[in-house]
Structure formats: C-alpha cells, structure tokens
Amino acid sequence: MRYYEKQGLLPLIQRDEAGRRLFSEDQIALFETVLCLKNTNMPISSIKQYIDWVIEGDSTIELRLEMMKNHKRAVLEEISLMRESIKGIDFKIERYTKQIQERKQDE
C-alpha cells in the first residue's frame, strides 16, 4: 500500500493522530481499481494518469472511458495470446509425460 501511495496512486489519504491511514469507501473502491489495473498489466504511469483524471472530476469521464476501452482491448489481446501459448505448453507436457511413461516401461 505504501508503494502505491508513494507512486501517487492513492491520493488524499487522511491519517489519524498515530499516522495510520484512514480510508473512505470511495478510496477503498479507488484502491481496488488500482489493483485491478495493475493486475491486468497496466503500466504505473497510465494508472497515475487515470488517478489524475479521477481527481480532476467529471470533465475527464470521456478520457477515462477511452482509456478503459483501450486497456480492455489490450487485456483481451493478451488473454488470446496466453490461450494460444498454453497450447504449446500443453504439447510439451504431453510429450514429456509420454517420454517418462515410455522410459518406465523400458525399465
């Protein structure tokens, strides 16, 4: 959490007298969005831009929408690539499994 705060991805965090972070429901929702974007490989710089637009307010809704659409396209392309790549991995698993079974039969 400290990392995200230092990167400017958790703005306007309030603290209590002991220095502990206090999160509102909106801040928790924003943090969940940050995690979602990070987990789907959005660069920190792009997440920062998104957060900046959120802070700017409703005038940036179109920009945020376009960013989310572009990111979704990129994620779907990555998923497609991963699905294709898993076929190659499965092929190797089957090949090695077969080789091990044949070796055991020859013993």
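Here is a friendly note on the fold of this chain and on its aromatic rings.

1. Before you start, note that this is a predicted model, where local features need pLDDT of at least 70, side-chain atom pairs count only at pLDDT 80 or more, and totals for chains, interfaces and linings use all residues. Residues are numbered from 1 along each chain as its sequence is written, and side-chain values use heavy atoms, with hydrogens and water left out.

2. Look at the fold next: the protein chain has 4 helices and 2 strands, in the order α-β-β-α-α-α along the sequence. Helices (H or I, at least four residues) and strands (E, at least two) are DSSP runs, numbered from the N terminus.

3. Now try the aromatic rings, where the whole structure holds 2 aromatic pairs. Rings of Phe, Tyr and Trp (its six-membered ring) pair if their centres lie within 6.5 Å; planes under 30 degrees apart count as stacked, over 60 as edge-to-face and the rest as tilted. Tyr3 and Tyr4 have ring centres 5.4 Å apart and planes at 70 degrees, so they are edge-to-face. Tyr4 and Phe31 are also edge-to-face, because their centres are 5.9 Å apart and their planes at 70 degrees.

4. Why does the pair of Tyr4 and Phe31 tie together parts that are 27 residues apart in sequence? Tyr4 lies in helix 1 (residues 2–6), while Phe31 lies in helix 2 (residues 25–39). Together, Tyr3, Tyr4 and Phe31 make one aromatic cluster.

5. Finally, check the burial: Tyr4 is buried at 14% relative accessibility, Phe31 is buried at 15%, and Tyr3 is partly exposed at 43%. Buried means under 20% relative accessible area, exposed over 50%, and partly exposed in between (1.4 Å probe, protein chains only).
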